[in-house]
Amino acid sequence: MWEMASQRVAFGKTLVEIGKENPDLVLLGADLSSSTKTSFFEREFPERFFNCGIAEANMMGVSAGLAASGKVVVASTFAVFATGRCYDQIRQSIAYPRLNVKIVASHAGITVGGDGASHQTAEDIALMKVIPNMRVIVPADAVETGKAVRAIIEEEGPFYMRMGRSDVPTITKEDDPFEIGKATVMRDGSDVSLIGTGIMVSQALKAAEMLRLEGIEAEVINMSTLKPLDEETTIRAAKKTGAVVTTEEHSVIFGLGNSVAITLGEKYPVPVKRVGIPDRFGESGEWDALMVKYGLTPENIVSAAKEVIKQK
Amino acid sequence: MIDEETLKKLSFKANAVRKHVIEMVYAAGSGHPGGSLSATDMLVTLYFHIMNYDPENPTWEERDRFVLSKGHAAPALYATLAELGVFPVDELLTLRKIGSRLQGHPDMRKLPGIEASTGSLGQGLSIANGMALAAKLDRKLYNVFVMLGDGEVGEGQVWEAAMFASHYKLDNLIGFVDRNRLQIDGETEKVMSLEPLTEKWRSFGWAVREINGHDFEEIIDAVEWAKGIKGRPAMIIAHTIKGKGVSFMEGSVHFHGKPPNDEEYRIALNELEDERKRLVEEFGGGS
């Protein structure tokens with residue numbers, strides 16, 4: 001029902017467009033530019049693309065030095081390396097001095113597939129969310145990815161943005177607005193609110209269709225900015241439906257579910273359930289088979305929705 | 001070559017910076033005197049003689065940059081910048097106090113003149129790489145100086161950065177290793193041996209020179225030599241004495257990260273005052 005498209009390709013193409021407009025845009029890669037699609041930019045602007053080799057920590061420091069000298073820097077690699085391997089470099093050299101560096105990572109979550117747990121990451125959002133000055137963006141599809149890249153490059157300061165490896169359903173439209181820190185209501189409903197991020201927004205939309213067949217009207221919200229969280233939309237949803245399910249392709253610990261549950265716990269308590277990757281490492285497999293095994297299906301969202309409705 | 005006037009200026013400034021360092025860490029009740037004093041002569045030579053720098057306008061785009069990768073030597077950098085006039089000397093005694101712009105380790109967003117926020121070791125050379133690369137992209141002529149501690153080069157990131165600098169032929173990048181041979185847990189060669197250090201840098205594609213890091217003339221000559229190197233970065237391995245200038249701190253691990261007590265403070269300041277008097281006798285008059 002939806003077309004499938006690559007967030008990475010959208011990212012790569014948008015960078016080329018921005019590169020034409022903004023001579024201060026500089027890209028850094030760590031031997032994975034063909035995977036992250038920063039290779040498009042490299043082909044167009046070879047003088048503004050620097051491969052750092054398999055040396056991510058140095059890449060983050062070089063980003064900081066370039067940004068301190070007036071450049072706007074996009075540093076890209078796989079999410080597991082971009083965050084966990086470089087946590088201290090991001091914290092000390094980029095976030096603490098609020099430098100204009102955009103860390104845009106691909107291959108996030110479990111849909112990496114065959115590479116297995118070493119290359120999957122369910123922790124990247126948690127790691128980036130906890131760093132002061134860092135903002136975290138997770139676009140839902142390829143169309144939103146293009147808009148998000150533009151937005152984070154226009155906005156001064158450090159950002160972390162994550163994308164998956166696999167193609168994802170296109171659920172937003174070219175003329176939909178995108179604003180950092182603003183969630184989008186994708187579908188109206190009064191019985192339960194499904195708040196998702198990334199690929200899980202499309203799963204939530206599927207779940208909402210399934211719930212409708214059982215007479216349950218679910219609201220679906222795309223929370224494309226994880227930090228700062230759109231508290232206003234979150235609280236408004238809780239007030240409206242009185243029951244919330246969060247869903248993300250990330251650990252249930254300290255991701256979207258945590259942000260939403262804590263916000264509502266402090267400001268407007270309602271029943272909340274988190275659908276995400278359980279607290280354990282992933283494994284190799286087809287990405288869609290992994291989604292089933294790790295509980296990231298519309299069916300998982302449906303049963304969570306019924307539980308929170310019962311708890312109202 | 002160094003003329004008498006320059007030698008006089010640098011000698012008096014280094015003495016003044018050392019006094020500030022002792023006063024600052026004493027007032028703060030914590031801090032790192034040892035590695036500040038070993039770095040002092042290089043910092044003073046860079047800022048008062050070598051660097052193209054306007055203290056009135058520390059964000060001037062064409063300025064030479066200095067990154068203190070060994071961020072714990074912040075007291076010496078702060079004292080040098082204050083003596084230069086970037087911010088008031090009076091502010092030095094606020095080091096490490098709540099609300100101060102003089103953080104325990106340098107914060108580029110708080111204090112003018114600080115080019116990079118450092119403190120977690122091993123990161124400054126990468127930042128300096130980025131600055132040197134930006135100069136190349138913008139066809140600007142400034143140089144980027146960076147100082148690493150010797151214990152610090154145990155960090156793997158330093159060698160990632162070393163590869164990057166030679167790969168991208170960053171000949172506008174000039175590094176110093178403050179080779180005082182001591183780190184917190186003891187002698188560098190016992191904790192984690194660094195030698196042969198010169199050969200390591202050379203094999204990573206750098207031009208390398210060893211100097212006495214307390215000899216102003218050697219520092220100046222080495223930077224002149226480094227500026228003449230084309231197509232690759234240059235590293236100056238500066239042999240220094242930890243705690244240089246205060247007898248009981250010299251060569252002592254104890255004063256890596258510990259301020260002097262009351263008695264030690266008095267002795268240290270007396271020694272530095274004696275050194276100032278000696279300089280007056282040698283050169284005649286203050287500076």
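Analyst: Helices (H or I, at least four residues) and strands (E, at least two) are DSSP runs, numbered from the N terminus. The model is a predicted one: local features need pLDDT of at least 70 and side-chain atom pairs count only at pLDDT 80 or more, while totals for chains, interfaces and linings use all residues. Residues are numbered from 1 along each chain as its sequence is written, chains are lettered from A and ligands numbered from 1 in the order in which they are written, and side-chain values use heavy atoms, leaving out hydrogens and water.

User: Which residues of α10(A) are buried?

Analyst: In this helix, residues 231–241 of chain A, the buried ones are Thr233(A), Thr234(A), Ile235(A), Ala237(A), Ala238(A) and Thr241(A). Buried means under 20% relative accessible area, exposed over 50%, and partly exposed in between (1.4 Å probe, protein chains only).

User: What covers them?

Analyst: The cover includes β10(A), β11(A) (218–222), β13(A) and α11(A). Contact here means heavy atoms within 4.5 Å.

User: Where is Pro228(A)?

Analyst: Pro228(A) lies in the loop between β12(A) (225–227) and α10(A). The peptide bond joining Lys227(A) to Pro228(A) is cis, with omega about 0 degrees.

User: Now the sheet in chain A. What is the strand order?

Analyst: The order is β9-β11-β10-β13-β14 (chain A), an open sheet of 5 strands with mixed pairing. Its edges are β9(A) (184–187) and β14(A) (272–277); each has a single partner strand, so one side of each is left without a neighbour in the sheet. From one strand to the next, the twist averages 25 degrees. Two strands pair if DSSP finds at least two bridges between them.

User: How many bridges join β10(A) to β13(A)?

Analyst: There are 4 bridges between β10(A) (residues 192–196) and β13(A) (residues 244–251), and these strands run parallel. Ile195(A) has Thr246(A) as its bridge partner in β13(A). Helix α11(A) (residues 256–267) packs on the sheet, touching β10(A), β13(A) and β14(A), and its direction makes about 145 degrees with that of β13(A). Helix α13(A) (residues 298–311) also touches β10(A), β13(A) and β14(A), at about 160 degrees to β14(A). Axes are lines fitted to C-alpha atoms, for helices over the stretch in contact, and angles run from 0 to 180 degrees between N-to-C directions.

User: What is the strand order in the open sheet of chain B?

Analyst: That sheet has 5 strands in the order β1-β2-β3-β7-β6 (chain B), with parallel pairing. The edge strands, which pair on one side only, are β1(B) (65–68) and β6(B) (207–212). The twist averages 20 degrees from one strand to the next. Strand β6(B) is joined by 6 bridges to β7(B) (residues 234–239), where His239(B) stands opposite Asn212(B).

User: Changing topic: how many aromatic pairs are there?

Analyst: The search over all chains finds 12 aromatic pairs. One of them, Phe164(B) with Tyr168(B), is tilted, at 4.7 Å centre to centre and 50 degrees between the planes. Rings of Phe, Tyr and Trp (its six-membered ring) pair if their centres lie within 6.5 Å; planes under 30 degrees apart count as stacked, over 60 as edge-to-face and the rest as tilted.

User: Are those two residues buried or partly exposed?

Analyst: Phe164(B) is buried, at 3% relative accessible area, whereas Tyr168(B) is partly exposed, at 22%.

User: Why is the pair Trp201(B) and Trp206(B) edge-to-face?

Analyst: Their planes stand at 75 degrees, with the ring centres 5.0 Å apart, so the pair counts as edge-to-face. Trp201(B) is buried at 0% relative accessible area, and Trp206(B) is buried at 0%. Ring pairs link Trp201(B) and Trp206(B) with Trp159(B) and Phe204(B) in a cluster.
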